[in-house]
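Please look at the model first.

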Amino acid sequence: MKTLTLATKEHGGTWFGVVIGNQDKLLASSFSKSQKNLVRHLRADAPGQPIQSFTNESNVPLNEMIDFYEGKPTASKTRLDWERVSEFEKSICQSMKEIPRGKVASYGMLAKRIQSGPRAVGTGVARNPWPLFVPCHRVVPASLEIGNYSIGGALSDYGCEMKRVLLEREGVPIEGDRISAEALWIPTGV
DNA sequence: TAGCAGATACCTT
DNA sequence: AAGGTATCTGCTA
């Protein structure tokens with residue numbers, strides 16, 4: 001069994017972390033206000049595996065992650081490790097990756113796309129192992145409110161605020177607590 | 001137009 | 001076979 005790498009880095013008061021496994025592929029990512037919670041969450045994602053930790057390590061996936069966080073257009077070179085992801089979650093993640101920066105899609109839209117139901121999609125989106133790399137923050141309720149977001153495996157107000165900030169930084173127009181309809185992603189070729 | 005049931009679809013264990 | 005869900009819709013006022 002290969003030793004995994006856990007790298008964390010602080011940026012602007014927030015901690016970012018990635019777990020890297022075989023062939024430099026990304027197993028999981030996460031971010032949090034506290035490094036302790038961040039590490040606990042990421043370690044829980046790789047139970048029983050030897051893991052080597054680095055703090056304030058500068059590496060490509062971490063730098064990309066911070067760029068995503070800042071809302072910058074980023075062409076990611078990081079390869080994702082899909083090994084532990086179910087077929088259902090895979091199709092959700094692939095749909096999410098298609099949502100362009102500055103646009104949003106609803107749970108219901110994604111459900112239709114993969115022929116599932118909106119609530120099931122909700123659970124799948126919530127299980128996204130690679131927040132920021134796979135833009136789960138671009139999935140919102142059909143009401144076009146911000147909706148829910150969890151960080152470190154737990155729903156929180158902080159998470160929802162963060163989701164809003166991420167969308168704003170990507171240029172999604174938001175009036176009050178509602179996203180403008182023009183930001184809705186219209187999938188091509190359906 | 002906001003709030004709220006009740007319905008839905010289906011994934012995970 | 002049951003339990004859970006980061007939803008949706010249509011009804012009410």
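## The model

This is a predicted model.

## DNA strand C

Within 4 Å of the protein, 43% of the atoms of DNA strand C belong to sugar and phosphate. By class, this surface near DNA strand C has 8 nonpolar, 6 polar and 1 charged residues.

H5 gives the most, with 6 residues.

Gly108 reaches the phosphate: a backbone N or O atom lies 2.9 Å from a phosphate oxygen of DNA strand C. Asn148 meets a base. Its backbone N or O atom is 3.2 Å from a base nitrogen of DNA strand C. Ser150 uses its side chain, with a polar atom 3.1 Å from a base nitrogen of DNA strand C.

## DNA strand B

Around DNA strand B are Ser86, Phe88, Glu89, Gln115, Ser116, Gly117, Arg119, Ala120 and Arg127. They divide into 2 nonpolar, 4 polar and 3 charged residues. Of the atoms of DNA strand B within 4 Å of the protein, sugar or phosphate supplies 67% and bases the rest.

Ser86 lies 3.1 Å from a phosphate oxygen. Glu89 lies 3.2 Å from a phosphate oxygen. Arg119 lies 3.1 Å from a base nitrogen. Helix H3 (87-98) and H5 each give two or more residues to the surface near DNA strand B.

Terms used: Residues numbered from 1 in each chain as written. Chains lettered and ligands numbered in written order. Predicted model: local features only at pLDDT ≥ 70, side-chain atom pairs only at ≥ 80, totals over all residues. Heavy atoms only, no water. Near = heavy atom within 4 Å. Polar contact = N/O pair within 3.5 Å; in protein donor to acceptor, adjacent residues only side chain to side chain. Helix = DSSP H or I, 4+ residues; strand = E, 2+ residues; numbered from the N terminus. Nonpolar A, V, L, I, M, F, W, Y, C, P; charged D, E, K, R; others polar.
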